[in-house]
Amino acid sequence: MQIRLKCICRQEECREWSIIELQGVVESHPSLVDHLQNLEIGRLCCVSEGNYTFTVGYHELSGTKMALKKPLLVLKKKKVGDAFESGSSDSSGVELEVIGIIRHRIIFKTRPMALISKPLVKDKKNL
Amino acid sequence: MEVQKKREGWEGQAEASLSLTPGSSIPICYHSQFGSHDDLLLLEVDDKLLPDVLGNRVSIRGQPDEDAVLCTLSSTYAMKFVGTSNSVFLIPPGDSIPAMKTTSANDEMSTSVVASVITVAPGNIELIQAAPKLDKLQKLLSENPYNLEEDLSSSSVHSGGLHRWQDLVETIQASEEEIRAALKSLSAVEVDGYWRIVDDKTMYETLEMILRNSVLHDWKISALSEDCVLSTMEADGFPPRIVSHCLETHGSKVYCSNDNLWRLDEKRVCLRFALRVLSGGKMKLESFMDKWEHNIPPGMKADLKMLEGEVLYEKLGVEEWIRAFSVSALPSDPANRFAALFRERQKWEWKDLEPYIRDIRVPGLSTEGLLIKYTRRTQPNAEAEPIFSSRYT
């Protein structure tokens with residue numbers, strides 16, 4: 001069985017996605033866990049070229065933008081229509097479509113620093 | 001593409017997060033369609049491989065019970081999922097022109113651009129170049145080797161165990177180039193759309209008939225006319241496809257303006273005769289040589305060097321015996337190859353071992369590395385020949 005990797009952008013450059021990576025987990029208030037959609041996690045601020053802070057609740061993380069050594073492709077599984085047609089070259093009935101490429105990530109490796117006298121926000125960062 | 005993106009509604013403004021200028025900031029939010037999105041995968045791809053992927057020349061192969069491999073046209077890569085305990089927030093791109101709504105021309109901070117996280121990636125898939133898995137190919141083709149009777153007895157033959165190119169590509173975990181090379185080294189031939197191994201008896205009989213005809217018709221075996229051979233052999237009941245395959249297997253094409261000429265290769269022809277002589281089992285070296293030299297076509301010279309990787313010698317008392325032991329019948333992956341070799345013999349001298357391992361190709365591992373990994377080397381003193389035995393006994 002074989003699954004084809006398909007790229008619809010053809011010769012054009014793939015659309016670039018980005019990654020914000022931090023150590024540990026961002027925990028939400030229990031009442032919000034099932035309603036995360038549209039919720040603000042925090043604020044990303046560029047302090048100087050390549051250096052960032054990410055403020056989540058009362059905590060501030062500092063990090064840097066890094067180019068990935070090898071790019072990551074974002075693939076999406078797709079069902080193919082003619083899965084049952086015998087002799088079809090893709091007997092699996094599934095296709096992976098390249099929908100984006102990631103070349104950079106903004107990574108926060110530090111422990112969060114506590115901020116004081118900030119307005120209340122909905123998320124809290126726990127390590 | 002744009003239409004599709006809109007329908008999915010996955011704009012996340014990745015650009016905004018990447019192109020922030022010093023002093024500016026944006027909110028990072030969970031996307032309105034945030035979720036686990038199990039249908040999204042991250043695949044780490046070398047810049048060298050990227051053009052193949054973007055040019056749609058890559059596919060993933062394997063049966064449900066096998067570890068999937070990724071194949072380009074020429075190479076095979078193992079796929080390994082690497083998990084992470086970090087939170088990896090994935091932000092998709094936005095519309096091609098980000099909707100920057102500035103409330104006031106002077107206030108650069110009050111744009112309504114928000115970067116949205118569509119999912120948290122649990123890890124990504126890494127690719128490691130690997131040796132193609134070709135043993136299955138040999139197994140599949142050995143199920144139903146071609147023999148002459150099936151053409152002569154024109155009954156409904158194609159009983160099963162037959163494989164088209166497309167079937168092979170789907171079942172074998174190797175790139176197309178690697179499959180083609182393996183078919184060539186198995187001397188497989190495409191007959192009526194199916195890839196077949198021709199059985200030894202048929203190959204031998206075909207070659208013998210070509211040689212017999214060359215004597216009858218006074219052909220030179222260093223310049224056999226393809227047209228002539230095919231038509232004469234067809235009259236003798238040998239299908240042209242098999243005859244030309246026999247010429248390809250035992251000779252090389254000599255280019256000539258109006259007719260294809262073939263030169264039979266001494267080594268390959270002699271090898272075929274040697275294996276035929278040995279097909280009955282082991283023989284005393286002396287009687288083997290007699291029989292072998294007697295059988296080969298006049299003008300050719302038998303030399304035991306031709307049989308490297310095809311026969312083993314053993315001493316029984318004062319006599320030396322010889323028997324067939326062909327490298328092509330051994331597994332191609334190194335672990336199983338060495339296991340098979342050490343089952344055959346517990347100890348190998350380098351000169352005997354080398355012909356049975358020189359075809360093993362493992363990306364990133366030299367022959368020296370292979371020996372260290374799979375054998376134990378003993379050398380009683382500096383002058384003695386090193387002896388290789390299994391590392392695992």
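**View 1. Surroundings of B:Val53 in the predicted model**. B:Val53 is in contact (C-beta atoms, placed from the backbone, within 7 Å) with A:Leu5, A:Cys7, A:Leu73, A:Val98, B:Val45 and B:Val58, leaving aside neighbours within four places in sequence. Residues are numbered from 1 along each chain as its sequence is written, chains are lettered from A and ligands numbered from 1 in the order in which they are written. The model is predicted: local features need pLDDT of at least 70 and side-chain atom pairs count only at pLDDT 80 or more, while totals for chains, interfaces and linings use all residues.

**View 2. Nonpolar cores.** A nonpolar core is a set of buried Ala, Val, Leu, Ile, Met, Phe, Trp, Tyr and Cys residues joined through C-beta atoms within 7 Å. Buried means that 20 or more other C-beta atoms lie within 10 Å of the residue's own, with C-beta atoms placed from the backbone. The largest core has 101 residues. A:Ile20, A:Leu73, A:Val98, B:Val53, B:Leu90 and B:Val117 touch the most other members. Another core, of 8 residues, lies apart from it; B:Phe338, B:Tyr356, B:Ile357 and B:Phe388 are among its members.

**View 3. Contact between chains A and B.** Chain A gives 49 residues and chain B gives 51. On the side of chain A, the largest share, 9 residues, comes from β4(A). Strands are DSSP runs of E, at least two residues, and helices are runs of H or I, at least four, numbered from the N terminus.

View 4. Strands pair if DSSP finds at least two bridges between them. A:Ile3 has B:Ile60 as its bridge partner.

**View 5. Strands around β15(B).** β15(B), residues 319-324, pairs with β14(B), residues 311-316, in the antiparallel sense over 6 bridges. B:Leu312 stands opposite B:Arg323. In this hairpin, 2 residues lie between the strands, and B:Gly317 takes a positive phi near 65 degrees. β13(B) is also antiparallel to β15(B), through 2 bridges. There B:Lys284 partners B:Trp321.

**View 6. An open sheet of 3 strands in chain B**. The order is β16-β18-β17, with antiparallel pairing. β16 and β17 stand at the edges, each with a single partner strand, so one side of each is left without a neighbour in the sheet. β17(B) and β18(B) share 4 bridges. B:Thr375 stands opposite B:Ser390. Helix α14(B), residues 350-357, lies across β16 and β18, at about 95 degrees to β16(B). Axes are lines fitted to C-alpha atoms, for helices over the stretch in contact, and angles run from 0 to 180 degrees between N-to-C directions.

Definitions and conventions
Two residues are in contact if their C-beta atoms, placed from the backbone, lie within 7 Å. A residue is buried if 20 or more other C-beta atoms lie within 10 Å of its own, exposed if 12 or fewer, and partly exposed in between; C-beta atoms are placed from the backbone.
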